[in-house]
Amino acid sequence: MAAGFASQAIAAALLQRSYGAYVAVLRDEFGWSKAALSGAFSMQQIENGVLGPVQGWLIDRFGPRLSMRLGVLLFGFGFIAFSQINSLTGFYLAYLAMAMGTGLGGYFPFTVVLVNWFEKRRARALASFQMGGAAGGLLVVVVALSLEQFGWRSTALVSGIIVLVTGLPLAQMVRTRPQDMGLQVDGEATETQPEGVAASSAVDGFTLKQAMRTSAFWFISFGHGSALLIVSAVSVHLVLHLEDDLGYSLAFAAVAVAVIQASQMAGTFLGSLIGDRYDKRYISMWCMLSHSVGMLLFATAQNELMVFTAAILHGVAWGLRGPMMAALRADYFGRVAYGAILGTSSLITMFGSIAGPLLAGYLADQTGSYEEGFILLAVLSGMGSVFFWLSKRPAPPQAEPVLEREG
């Protein structure tokens, strides 16, 4: 869990939460449009969605460590290549390498590992892990200051070196299942299985095909995608909105982003306390409404108080809802094919991540302001709360005669 926390913190601080700051300085230097800058982020979501099912199957089959090592190399060298780009095409290629690296080496494999390790306290474990992203987001102010003091090329180069130096040792620490270390899920006593007998898939949950036959699989995916409409748009465009529409400095925008990250950390901590006690569907529904209200405040902000209130509402909702997405799937569908289920659902959720930045950027280019785009995304995301209301726990899969004996 410590390795996952640190990995999330590094990715969040150097790229994921700092992307908006990079967008601002790249726009100033190269004059690229907001829609064009959104394109790289949206291409990342396409890549994550398309590779998700393959990555999920590979992790279920071969374990996460190979994926993590490859991800670290792509992330680090992609950052170094990014520091040398001079064209929009070069930016897209470098960013795709970094994005693929964070996908292969970060959230996805660590989530699968934690689902394998925890059941009774699964939400707490996932929340503690994802708190690393929020903690790393607090360092966005440091990255923004580095962009202003040393320039974006030097900042990107050093970031790539940091990723390589820290990421590979963290990947080495990971163990796929507690059984690999002579332990059991949640630290329970080891249960001896008859020699030569393979466990039934029904014991540990649904296969991918079984999960996809349930309405819950689709409703959770659509609800998750609806939330990402706002999460992705804020990640890409909030800094530009605060600078261009509201007239604040890059330093103030970085502070607002840091407030989001601090609030996300608070929300994640709250999730660790209540996620295993209360219905995750209803928690997710309330988070969707908080996302929407926060986005409406961002769109119509008239002063600093409204900006920071919006940042707190959005951040708390983000931190609280994030672990619920992974835990809800694991609670409903089990461990046996969790990687494949999570990866396949990314084919659906990616549309929210793609549409949010593109829609906000396009409307901002057309109208000269982010207000209309942000309001539209707030309405669409709020409507997405219905998907979680409909995502009721499916009936257990029918047992299948899959026990086999060697020889």
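I began at Gln 264, which touches Arg 17, Ala 134, Gly 315, Val 316, Trp 318 and Gly 319, leaving out residues up to four places away in sequence. Touching, or contact, means heavy atoms within 4.5 Å. Gln 264 sits in helix α13. Buried means under 20% relative accessible area, exposed over 50%, and partly exposed in between (1.4 Å probe, protein chains only).

A note on the source. This is a predicted model, where local features need pLDDT of at least 70 and side-chain atom pairs count only at pLDDT 80 or more, while totals for chains, interfaces and linings use all residues. Residues are numbered from 1 along each chain as its sequence is written, and side-chain values use heavy atoms, with hydrogens and water left out.

Next, the whole chain. I found 18 helices and zero strands in the protein chain. Helices (H or I, at least four residues) and strands (E, at least two) are DSSP runs, numbered from the N terminus. The protein chain has 407 residues, and 57% of them are buried. Of the contacts with a separation of 6 or more, 85% join residues 24 or more positions apart.

Then Ser 235. I placed Ser 235 in helix α12 (residues 215-245). Is Ser 235 buried or exposed? Ser 235 is buried, with a relative accessible area of 16%. A polar atom of its side chain lies 2.8 Å from the backbone oxygen of Val 231. Beyond neighbours within four places in sequence, Ser 235 contacts Tyr 19, Gly 20 and Trp 318. Trp 318 was already on my list for Gln 264.

I turned to helix pairs. Two packed helices are described by the angle between their axes and the distance between the axes. Axes are lines fitted to C-alpha atoms, for helices over the stretch in contact, and angles run from 0 to 180 degrees between N-to-C directions.

Helix α8 (residues 140-150) packs on helix α13 (residues 250-274) at about 160 degrees, with axes 8 Å apart. That makes α8 roughly antiparallel to α13. Angles under 35 degrees count as roughly parallel, over 145 as roughly antiparallel, 65 to 115 as roughly perpendicular and the rest as oblique. I noted a right-handed crossing for α8 and α13. A crossing is right-handed if the near helix is turned clockwise from the far one by less than a right angle, and left-handed if anticlockwise.

Which residues of α8 meet α13? They are Val 140, Val 141, Ala 144 and Glu 148. By class, the contact of α8 with α13 has nine nonpolar, no polar and one charged residues. Ala, Val, Leu, Ile, Met, Phe, Trp, Tyr, Cys and Pro count as nonpolar, Asp, Glu, Lys and Arg as charged, and the others, Gly among them, as polar.

I checked helix α4 (residues 65-82) and helix α5 (residues 88-105) next: their axes come within 7 Å and cross at roughly 155 degrees. α4 and α5 are therefore roughly antiparallel to each other. Their crossing is left-handed. The contact of α4 with α5 holds 14 nonpolar, six polar and no charged residues.

My last pair was helix α16 (residues 338-367) and helix α17 (residues 371-383), whose axes come within 7 Å and cross at roughly 150 degrees. That makes α16 roughly antiparallel to α17. The crossing of this pair is right-handed.

Conventions
A polar contact is a pair of N or O atoms within 3.5 Å; within protein, one must be able to donate a hydrogen and the other to accept it, and residues adjacent in sequence count only if both atoms are side-chain atoms.
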